[in-house]
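Open the model in a viewer with selection by chain and residue number. The stops below are meant to be visited in order.

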Amino acid sequence: MKFRTLLGVAAILALTGVSAPAADKDAADIAVEAAKKYAGTTISIVWEAGLQSLDPLNYSGPKWEKLTGIKVKVVEVPTDQMFTKIMQDFKSGAGAYDALNVIPSWMPDLARAGALEPLDKYVDKFGYRDELQDIAAAYRDNQMQYDGKIFGFPDDGDVMLLYYRKDIFEDPKMKEGFKAKFGYELAPPKDWKQLDDIGQFITDKMAPKVYGAGFFRTAPYPQYMFQERFRMEGGKFFNADTMKSTVNSDVGLKVFKQMLAENKFMPPGVEQWNFVDNLAAFLQGTTAMTISWPPYGRWAAGYGSGEEALKWVPKSQVAGKVGYALTPLGRPELGVGFDLSVSATSKNKEAAYLFIQWLNSKKTSLERVQLPYTLRDPFRLSHYASEKYRALWPDAPAYLDTIKTSGEKGLLDLSLLQQDKYDEAMTKAISSLWAGEDPKTILDRMAQQFDAITEKVGIENQKAVYKVWAAKPGAYPQ
Amino acid sequence: MRLMKLPTRKGRVLVLRYIGAGVVTLLFLFPVYWLFMISFKTPDEIYHVPPLWMPGQIQFSNYYVLFKDGDVMAILNSLIVAGVSSAIAIILGTLCAYSLARFGTGGENLAMWIISQRMIPPIAVVFPIFLIYVYFGLVDGYFGLIVLYTAFNLPYVIWMMRGYIVDVPLELEESALVDGLNRWQVIWKVVFPMVRPGLMATSVFTFVFAWNDFLFALVLTRTEVITFPVMLTHYFGGQSNFWAKIAAMSVLGTLPIFVAVTVMQRYLVRGISLGAVKG
Amino acid sequence: MTFSLSFNGTEHRRPSRLGRVLEDRLPYLIVAPAILVLLLVGLFPLIYSLIVSFQRITMTDNDTSFAGLLNYAELFRDTRLWASLGHTAIITAIALPLELLIGFLMAQLFIDRMPGRQLFVALLVLPTVISPIVAGATWRLLFDVRFGPIGEILSFFAGEPIRILWTVNPAYVYPAIIICEVWQWSPFMFLLLLAALSNVDQSQLEAAEIDGASYLRVLRAIILPAIAPVIAVACLIRGLDLVRIFDIIWALTEGGPGSMTETISLYTYVQGFSQFETSYTAAISFLVIALLTLITTLVLKRMEIAR
């Protein structure tokens, strides 16, 4: 019987042709039906190593195989090597990768090099345009296209949120003491001066049990926090006329000095913290504030705490006590993010495309952003509005609303030609900052490196790209 | 009351030397111990502050995960690549070494050129090799890595085997030739049995070199033939270091080497000193 | 050996023509395959890369027009390149003597017969055969400021909590690398020196003892001259390895903080495989080859002496 249904569907598909996808079928079903003819093949997909990969390893990969008979091979690559590995594969012509996770700020480079397959013809063939409109504007308008062509589907609602401990912030004794000392109410910080006040205050009162704040500090993540702060304090990456870098301006110096000074009220050893260290500290109640991507919020609420895959995450001691807010100054970085793309050298382009359409579709993605162990964050309007999601834990509605607002106000990552090199320079600079080198020296060197990169790319070329980027509403605060 | 016999000076020195030996061995083996222990710990135990010196119980779930997710394929890949390339290098290298040792083919210059190949830093050739491999589509395949490791190990095999063959008394071969054996038979029936121990030792080292290589594998593998050192680095990252996997994979990748080298103990010195020291 | 010639030797077969050719050309026939592989993988890429080093190929631009010596001129202006050579030199200059010294002391400890010596030697050699990537990863575990035991051990001896960010703090990052390196390779020195020491002429030593010569005198007059060739070989083998150090640093610090521990191998990798400066990397490769040819020549000269 199943086989007959299949035949029927195939017949209908064949009859209606590619131009008129059935309106009553959603993109996920279309992808599954179309993919069945590739049953028995294996496609590989590049995914960020570690937690992110649990999604295709534990959930979407096996499910796709069950639905279509296509096996999924997950290639785990550390974040800072993703660009390199994808580029290496493209250069080598090995075609080892079929589908890709691409970090949006690097998409222009990969697209220009020809490493990514333009997706428009597939989008039309498999009726995916409508569902793309459901993706939140911040991601859809900024992370999907290059040069007017679709090269990837935004698949992760990455944005920085401020998490704080409601129980500490609402403690009458703390409130009173804070107001007496600083003359304003203890509340989620509106700017960095306030964050410093609050952080130092809590550390003074409660350390070593609780510290005022803790951030991740090891490469490559803190550079996204730098990008946000630098711009919110009025910094510009380049002089738009000469393309000389201005990261070593007074603003840059101020931000660097502040970032370094903040370590003082954070737990000892914070310089070495990565994503999970920082998470563990917050979940264990050691830090009262942190800034990170949305998954922290879910795990802090204790969502998925019984999961086998999350066994290594320390149990949340702070469930129900966590508040969500915009980061200081109110324009959080849309840091990193992921697009799903198809490799131009793939030997199974259509099968790879169908897999990412299915992953990205309204139906599948809603399941995926609710996986307790995944790091994929809500990125569609329908995710934010999902009744099911909003009922997952008591504060889930506030959580989703904060993500939505943060996304709308978000600042875009710098994205130029050969962005990978600028990113490397920033990452190294911040790592030198923790090592105790003089901030001004580091910034001057970083500016020099920026200029050298720009010169190599070609000043006029880069200027044109920078102008387009800087004109986007999410590039610089108005 | 019986008088205790005082230990002699020699005896006291021996005791001191044992204590010294114990301390040194402890120092050098502690990291290895720690690695093994982490691989048996549960996540809670790994992330325990202060660190625990022993796991609560020996459990294998860190290994189980590697098997379940198929990560152990990396070990298998390493076995295949290192095994096959060693075998080829040994065959080609020993023949070449015989010619160098017995006929002086190419003179000292050829021998020197061959060993100088061994000294070339991998980083200087890995890039051009990558470009060439790209051109011929050899990236991410067994064949490419095997050819590379064969070439990488050949100078070593030739150099070592030349030394072992020179040690075989010439008279044995000459009398065999007089008895009417041809050269091939002499190599197979006279020389080979004589150098077999050296051959085994050289094979083991060849295997170890290929097994431990990281740089070439990092550059030339993608998804199909990822070897174990490359797999290991996948567990590091800005997001988190997956200590449990790192430790378990390290142990899996280290055990075969330990076994091989322990078996070859007697030839170790000559092997690692490129034949310069005959232990 | 249990083989006998009489089984094979009696029958005189006339070799066929092909057999005779095989026999006559044998010296060259059996050298050829190995040399071919070496040329194919060793020489051919170098020639190819020599051509590339004069072109202008970058990540996005497959520009094969010739740029003359542009890339080589660039080498001299590249401060990060020279810094990385400096880092390599520092690591080599510190680690090599340390390994030699520790290896020598260990060899002294084990030189006299003692029951169970073989077992100690077998155990001590293990670090040397471990994959350097595993060694780096292991020490990263050991150095970890919260979950690693080293801080704990230091605190115990200091009597107060000691927290060292080994891979962040510039004052400790080189010690961290060198500790790991020395841990892995001192046993190598130990093995070679133990073998060398066992070969020192015993009668000379005994004569010196009867004369009542001090240990230092014996060391200077008898032991060191006897083991000098082995020391030379060991240092040169290790020296070459240290100059190309890559794996341990990759696993331990990834060249950080900043580029503070970036060695020449790491830098070449970054240029070639993460920045895709194809032509420029080819030029760097030749700089490295030139530098190492210099050292290699020395090595070979010394090995000649040692033989």
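This is a predicted model: local features need pLDDT of at least 70, side-chain atom pairs count only at pLDDT 80 or more; totals for chains, interfaces and linings use all residues.

Residues are numbered from 1 along each chain as its sequence is written, and chains are lettered from A and ligands numbered from 1 in the order in which they are written.

**Stop 1: the sheet in chain A**

Select strands β7, β8 and β9 of chain A, which form an open sheet in the order β8-β7-β9 with antiparallel pairing. Helices (H or I, at least four residues) and strands (E, at least two) are DSSP runs, numbered from the N terminus; two strands pair if DSSP finds at least two bridges between them. β8 (289–292) and β9 of chain A are the edge strands, each with a single partner, so one side of each has no neighbour in the sheet. From one strand to the next, the twist averages 25°.

Now show L162(A). On one side L162(A) stands opposite I291(A) in β8(A); in β9(A), its bridge partner is A325(A). β7(A) (residues 161–165) pairs with β9(A) over four bridges, and the pairing of β7(A) with β8(A) also has four bridges.

Helix α20 (residues 396–409) of chain A packs on this sheet and touches β7 and β9 of chain A; its direction makes about 25° with that of β9(A). Contact here means that the C-beta atoms of two residues, placed from the backbone, lie within 7 Å.

Which residues of β9(A) (residues 322–325) are buried on each side? V322(A) and Y324(A) are on one side, G323(A) and A325(A) on the other. A residue is buried if 20 or more other C-beta atoms lie within 10 Å of its own, exposed if 12 or fewer, and partly exposed in between, with C-beta atoms placed from the backbone.

**Stop 2: chain B against chain A**

The contact takes 17 residues from chain B and 27 residues from chain A. The chain B side has six nonpolar, seven polar and four charged residues. Ala, Val, Leu, Ile, Met, Phe, Trp, Tyr, Cys and Pro count as nonpolar, Asp, Glu, Lys and Arg as charged, and the others, Gly among them, as polar.

**Stop 3: annotated segments of chain B**

An unreviewed UniProt entry lists "transmembrane region" for several stretches of chain B, including residues 12–36, 142–159 and 242–264. Residues 12–36 of chain B are 100% helix and 0% strand, with the end C-alpha atoms 35 Å apart. Residues 142–159 of chain B are also 100% helix and 0% strand, with the end C-alpha atoms 26 Å apart.

**Stop 4: chain B against chain C**

Select helix α12 (residues 243–263) of chain B and helix α8 (residues 132–143) of chain C. They pack at an angle of about 145°, with their axes 10 Å apart. Axes are lines fitted to C-alpha atoms, for helices over the stretch in contact, and angles run from 0 to 180 degrees between N-to-C directions. Among the residues that meet are W243(B) and I246(B) in α12(B), and V134(C) and L141(C) in α8(C). This contact has five nonpolar, four polar and no charged residues.

Definitions and conventions:
UniProt positions are given in the numbering used here, feature names are shortened, and annotations may be inferred rather than shown by experiment.
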